[in-house]
Amino acid sequence: MTGSPIPDPARSGGGSCDAVNPLVAQAPQTVHVDHRQERSAVLAPWPAWFPHQYREKLQEHGISTPWLHQVKLACLAQAGKDCAICTSTASGKTLAYLMAVMAATACDPPVCPDRPHPRPARLPESLRSRSTELATSLRTRQRHSALYLAPTKALAHDQLRVCRELGPQDWAVTTLDGDSERAERRFAREAAHYVLTNPDMLHKAVLPNHSRWSGLLGSLEYVVIDEAHRYRGVFGAHVAQVLRRLRRLCRMYGSDPVFILSSATSTNTAQAGAALIGVEHVEVVDEDSSPQPARDVVLWQPEQSLSEDAAALVARLVDQGCQTICFVQSRTVAEVVAVHAQDQVTTGGVVAAYRSGYLPQERRDLEAGLQSGRVNAVIATNALELGVDISGMDAVVIAGYPGRLSAFWQQAGRAGRSGRRSTVVLMARENPLDQYLVQHPELIFSSSVETTVLHPDNPYVMGPHLAAAAQEAFLQPADEAVYGPSLAQVESMLVRQKVLRQRGERLYWTRLDRAVDAIDLRSMGGHGVDVIDSLTGRVVGVVDQAAADRTVHPGAVYLHQGDQ
């Protein structure tokens, strides 16, 4: 495989990522370079309410003093205000909300949020018919917990790694997803103080079986929603309705959690955040006080093939000693570029593909390899953009504009290690949009990212979720406090369609089947299709049912980490 000419760092006099990278500075494919100056951090003292023993643990990991935006968010959450943080990738958003979460769920005695209104004092009418044993357990419970929601399982598992590194040793933290075993689910229900899950698991497993999860729901102090800007469009509307069902059940079981939203790229965080969780106001922290190293963003016009240029550049960066992520548009391209890049590496560096469809253990091994430095470069689809909190890369190569400025800056934000200059290369495809952008760089570097748009009151989304809510506990006029003024209109529609049955002011679900089984949050029907090696019987991957006909049909070539 021969690509367009790219300068050899050994011949160009460059062998480090600490200066302007000669691989791109001297390449004929470079059409524009945007340079960002290094920025110093703005520090702030630890909040007085944050326990000293946790400060010492963080200091052992090199966090001697927090940044100002971290303290601002933590104090808003501890003051009982629904809030959001909207700062750049790798700006320490995790620690910002973990300070409040740790203080409330790991500390004895707990430092709980100071809510402007007291918690619900007693069980509402819709739960009074339940057993006396349940009511007694609710009154005597001393558990304090928090819930973390991420769009992907991989991001939740990465959050678990961070919690184990930064949190106290006896902190009861666990993940909850489709891969969780029965014992893990029971631990999450009965003992965990911080449960890391995703909206799909909450929708399908927790809320429909809320009586079994009453210990968690009734003790929630915080709900953290990571990557909040991802919840847009129909998917965002579905998740917004799931969160309304969650808030409703929390109130029924006597809790009133504070919601914390984390978003890397958004221009209407307050408006979109309030619509997502169903409240009138969300406090926003959007002034980034984290340090940022110098960074060059390069617009690159391939002379031949996009994949050839990407493979050649990644190989040269690895030989130069730069840990690199290359984002591509499809699974097949990720596999192909990874193979060709590995073939061109001359220093023994490791290049791997990373995409959806890998088995969970394979994904986690690759993530651990990136964290440790054992893997020098990955060729990834957006599964890595969203799937794991990997930052501090020396270089990011983006093979094709991802379609949204927010996605572009999310990918570009992976570049930037403390004290070292970083490089981001956007390679243009042959389509008109990419070509127009490289000829008009101001549209990338001088424009705001797109607004987050979602319509939770869409009756075609809200209706099925109200049916699910009615099955969880009958609907009544008081639920307008959660659902807003659209509730009555959609309820009337469900009654006319005979989805719900009305008795006085209450609405009931009367069917034997589960209402949630008719709702797909991501609007993608069907389960994954296992890809099995016919010689060994080993499951090597998973393919979406919608893509199975074109990717694993009889005679198809399936690529997996360079193997066919």
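Two strands are said to pair if DSSP finds at least two bridges between them. In this predicted model, strand β11, which covers residues 351-354, meets that description with strand β12, residues 377-380, since the two pair in the parallel sense over 4 bridges. One of the places where they meet is Ala-352, whose bridge partner in β12 is Val-378. In a regular strand the side chains alternate between the two faces of the sheet. This can be followed along β11, where Val-351 and Ala-353 point one way while Ala-352 and Tyr-354 point the other way, and all of these residues are buried.

Another part of the model is an open sheet of 7 strands with parallel pairing, and its strands follow the order β4-β5-β3-β6-β7-β2-β8. Because β4 (173-175) and β8 (283-285) stand at the edges with a single partner strand each, one side of each is left without a neighbour in the sheet. From one strand to the next, the twist averages 15°. Strands of a sheet pair through backbone hydrogen bonds, either parallel or antiparallel.

Helix α5, made of residues 93-105, lies across β2, β3, β5, β6 and β7, and runs at about 165° to β6. Helix α12, made of residues 233-252, lies across β3, β6 and β7, and its angle to β6 is about 175°.

Leaving aside neighbours within four places in sequence, Gly-80 is in contact with Pro-113, Asp-114, Arg-115, Pro-116 and Val-258. Although Gly-80 and Pro-116 are 36 residues apart along the chain, their C-alpha atoms are separated by 6.6 Å.

Cysteines can be considered next. A disulfide is a covalent bond between the sulfur atoms of two cysteines. In this model the count comes to 0 disulfides. Cys-86 counts as buried at 10% relative accessibility, and Cys-163 counts as buried at 2%.

Finally, there is the matter of empty space inside the model. Rolling a probe the size of a water molecule over the atoms shows where empty space is left. The structure holds 2 cavities of 30 Å³ or more, and the largest cavity has a volume of about 80 Å³. Among the residues that line the largest cavity are His-229, Tyr-231, Leu-261, Ser-263, Thr-269, Leu-276 and Leu-454. The elements that give two or more residues to this lining are β7 and α13 (269-277), and α13 gives the most, with 4 residues.

Note on methods. Residues numbered from 1 in each chain as written. Predicted model: local features only at pLDDT ≥ 70, side-chain atom pairs only at ≥ 80, totals over all residues. Heavy atoms only, no water. Axes fitted to C-alpha atoms, helices over the stretch in contact; angles between N-to-C directions. Contact = heavy atoms within 4.5 Å. Disulfide = S-S within 2.5 Å. Buried < 20%, exposed > 50% of the residue type's maximum accessible area, 1.4 Å probe, protein only. 1 Å grid on protein atoms, 1.4 Å probe; cavity = no way out; pocket = protein on both sides within 12 Å on 5 of 7 lines; lining within 4 Å. Points joined across faces, edges and corners; volume = space filled by probe spheres on them.
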